[in-house]
Amino acid sequence: MAVPPGTEERTALVEIEARLHKLQTRFNLYTAQHQLYRVGAVLALGVAVSTVLAFSVSSFWFSAAAWPLFGVAGVICFRLLRQAVSDWTDLNSAARRVDVQVGLKQRLATLAAQTAAGVPYTRPATRLWAHLVHDNLRRLSQWEVKRVAPSRIPLSLLPFLAAILLACAVASIPLLSPASEPVPFSLTNIGRVTSELPERAGQLVDERLFPDPPNERGRSDQPVALTDTPPLSQHPLRHVDDHNAPDQSEASKSLGRELRELASLPADIQQALREALQGLPESQDAQAEENMVPDEQADEANLASSDDLGLENRLVSQELAGEAGRARQAGENGAEGDGDASLQGNAGRFQKSAQALRGSGLHRLRQARLAPRDAARALRSGNPQRASRAGSAGTGGMGAGTGTDPQLYGNPAKFGGNDQTFSLSLDASFEKSRTGNEVVKDEGGGVISKSTSQLNETQAFDDAIRNAQIPPEYEDIIKHLFSRGETP
Amino acid sequence: MSETPATDVVLEFQDTVERIQSELAKVIVGHEELIQNILIAFFAGGHVLIEGVPGTGKTLLVRSLARVLNLSFSRIQFTVDLMPADVTGTRMVMDRDDGQRDFVFVRGPIFSHVLLADEINRSTPKTQAALLEAMAELQATVAGTTYQLAPPFFVLATLNPIEMEGTYPLPEAQLDRFFFKVRLTYPTHQEVQRIISSTTTTEEPDVRPVFTEAEAVEKVLSFRRLVRDVLVTPQIEEYIAAVIHATLPADAPYVNATDPARVRLPRDELVDRYVHFGSSPRGGQTLLLGAKGAALLDGRANVSYEDVTRVMLPALNHRLVLNFAAEADGVDSSTILERIGRSATKIQR
C-alpha cells in the first residue's frame, strides 16, 4: 500500500511529540511541587517567627516587627513564584532538557523548535527534516519518560516539613502555657468544674496539715496563752510548708487561689455551680434533702469523727487569716498615708471576701469531698454555719443563726480535753475597716484601725466564734483576727 | 521507519568525506583534524588560510585535495613583484586568423576551482586585493569587464610565519574573507618517520578522485547546499551571537553600548586588555556554517553546541585584531578564544 509522502515522518513526529508532552507535564509537576514546598516553608517559618514574636515581645514591638516580617516573606514568596514561572517548561525547554540529560546533541530541541515554527504543517520543511525526524525516532528508546523524569518528590519537601513542624510546635506553646488555661470557674466549662471539684477537694488533704493526734497534742511546744503565741509566719506548719514541702505549699497556694476565684464569682455563676452540683432545681433538691436526713446525719457523724473536718476548718481559718491580714495591712496603709478612704474600703472588702471565702469556698469543698449532694447543698445554702435539722438544735448543731456549731473546728473529743482550748476576751474588738474608724497606734509603733463600737450580738459569725471552744491550732489565727492590737 | 532520501544524502556526504580523508591520508601524514577543517570550509563554501612553517606539506595537501575532488587546480606563488594581472588575468593583443589584432582576455590562475595562493603575504597589498574580489564575490574585474568565476571556487592560501622580512601582512578585510585559518603544526616524531619513508622511494602514492570529472562540480555544489540545509535552533543562533559579541572589547569603537542582548557572556579581562577589535558578523556566519558542516560530518541534520565549539578556533582566530600589548605579552588569539569558549558553555541552554 502506497503511503503518501511525509506520512511516516508525521506519524513519527506525533509519537515523539506525545512523549515530549508527557515529559513536559512531569517537569512542570515537579517544578510546581518544588516551588510550592519552598513557598510553604517560607510561610510556615513566617508564621512560626510571628508567633514567637507575639509571645515574646510587646504588642508595639510585635506590630513593628510583624510588618517587615510579612513583607520579607511576601517578597520571598513572590520571587519564588516568579522563579516557578520562569522555570515553567514549554515544549522546547523540555526538549532541551532531554537533550542535555541524554546527550542527544540538540536533536530533539531542533525538532521541537522546527515544529514550533510550523514545520512541516504550515511551513515547508528543509531537505534534512526527514532525516532529523528519523534520527530522533531512532533514539526514542534513549529517553524513556521514567528514565529522564522519574516520579520523585522534591527534596524541598524536607525543609517544608521541618518548617511546618516548627510552626506547629510554636503554635502549641499557648496550649502548654499556664497563662492560656481557661478560667477555672465559668459558665462555659461548668461541667468540667463540677466533675473536677471533688478531686480538687481531695488535693486539699495534706497529711502534714492534720492536727497532731490527741496524745501528742499535749506535748506540743505550742504555747496556749495568747501572749505566748508565736507569729503566724513562725508557725510550725508554715515552717514545714515553706522549707520541707515547697511543691505542696505551691499546690495549696494554687488551690487557695482557685478557691478565692470561686468565692469571688458572680452570683449567677455560683448559682449555676450549685445547680450543676446538685443536678436538680433548688426547690426539688430541698425536698430531696428533707428525705435524705438519716443518711445525712450519718454523713455528719462520719465527718465529725474525721480529722478532715478539723483540717478543713483550719484551712478556712488560715485563708481567713491571710485575707484579713492583707485587709488589715491595706487598712493600715490607708491610715498611715493620707487617710485615703478607698484603701480602708479595700480592707473592708478583703474582710468580706474572707467571709465569702469561708462561706462559699472551703466550706463547700469540705462538703463536696463527702458527696456531691452534700457539696451541692452546702453551695446552695451559702451559710458557713450548718443548718439545724427541722429547725431545732440537734445533737451536733444549733438552730439556724442561734448558736455555734460545736463541731465548727472539728470534733472536740479529738482535741484532748478542754484544757487545750482558749476563749476570747469579751472586750476584744473586731475590725470593721470602715470610714470613721478610730485610728490608734499600737505599742509597736504601728498604726492600726480599730472599731470602737461593740459587736452586735446578732452577728452570727462573731457570736459563733466567741462562744466556741477554740482549739489551740487556731489560736494564732483568731488572735490575729480579733486582737489586732495585741498582734506580736 | 525506512531510510529516507535525506538520510541517504547525509550518509553519502559522510561517505564522501571519509573517502577524501582516506585518499589524502595516502600523501599527507597526520593532520586529520586539519584536513577535516579544510573539508568543512570547502563544503561550506569558504576559503582557508593555512599557516605553517615551510616543508610541512601545505602545497602537497592542496594539490592532493584538488586531485581527489577531481576539480581544476591552479597555483600562484606570491612574490613581491607579483602583479594583480598575474592573478586575475589580463587583456592581451592577439592576432586573429584574418590578420587583424584584437584584445583578448587571457584568464589568470584565479579561474580555477581550487586555487593555491602560496605565501600570500609576500605579495603587495595591491595584488592581495586582486584576490579579494574573487574570494568574496566569485568574480574578477579586468579592464572594466567583470568575469564570473565558475563555482566551486576554493582558495587555499598559505602563510609562512617564520620569514616575516619583506612580507606584507594581510589586511583585516582580507583576513576576514577567509573562512578558516588553520595552523599546520610540525609533525610528530612518528609522522616525520612515516613522511621520510613514504616519499623517498620510487613508489608514487596513487591518489584517486572520489568524483568523476563530470559529476564533480555538481556533487560539490550539492553538498554545499546540503550544508546550508542543516537545521539550527534559535538558542544556538543566540549563543553564536553572544560569542561574537564577547570578542569585542569594552571600548571597541562602533559598538552599540546599550545593546539589549538577552543572552550575553560575561566580559573577559583578556579581551578588554589585548583585543583591539573583535570578530565581525561575518565571523558569526562562518561559525554557524562551519558548525553546520561539522554537524553534517557527524551525520546529524542539526547543529549542536559541540559543533560550534569545535569550529570556534579556526573560524575566529584570524578575526581578532590584537594590540601591541598582546604581542608584547605573547598572548595570541587562540588563548583568548579558548577562554571565551569555556565561559560560553555556561550560557548553553
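This is a predicted model: local features need pLDDT of at least 70, side-chain atom pairs count only at pLDDT 80 or more; totals for chains, interfaces and linings use all residues.
Local features are given where pLDDT is at least 70, side-chain atom pairs count only at pLDDT 80 or more, and totals for chains, interfaces and linings use all residues. Residues are numbered from 1 along each chain as its sequence is written, chains are lettered from A in the order in which they are written, and side-chain values use heavy atoms, without hydrogens or water.

In chain B, strand β6 (residues 139-142) runs antiparallel to strand β7 (residues 145-148), and four bridges join them; strands pair if DSSP finds at least two bridges between them, and strands (E, at least two residues) and helices (H or I, at least four) are DSSP runs numbered from the N terminus. B:V142 has B:T145 of β7(B) as its bridge partner, and in the hairpin, which has two residues between the strands, B:A143 takes a positive phi near 55°.

Helix α2 (residues 32-44) of chain B meets two other helices. The axes of α2(B) and helix α8 (residues 213-229) of chain B come within 7 Å and cross at roughly 90°, where axes are lines fitted to C-alpha atoms over the stretch in contact and angles run from 0 to 180 degrees between N-to-C directions. The two helices are therefore roughly perpendicular to each other, a term for angles of 65 to 115 degrees. On the α2(B) side the contact (heavy atoms within 4.5 Å) is made by B:F42, B:F43 and B:A44, and on the α8(B) side by B:V220, B:F223, B:R224, B:V227 and B:R228.

With helix α11 (residues 281-297) of chain B, the axis of α2(B) comes within 9 Å and crosses at roughly 115°. Here B:Q36, B:I40 and B:A44 of α2(B) touch B:L289, B:G290, B:G293, B:A294 and B:L297 of α11(B).

Technical notes
Angles under 35 degrees count as roughly parallel, over 145 as roughly antiparallel, 65 to 115 as roughly perpendicular and the rest as oblique.
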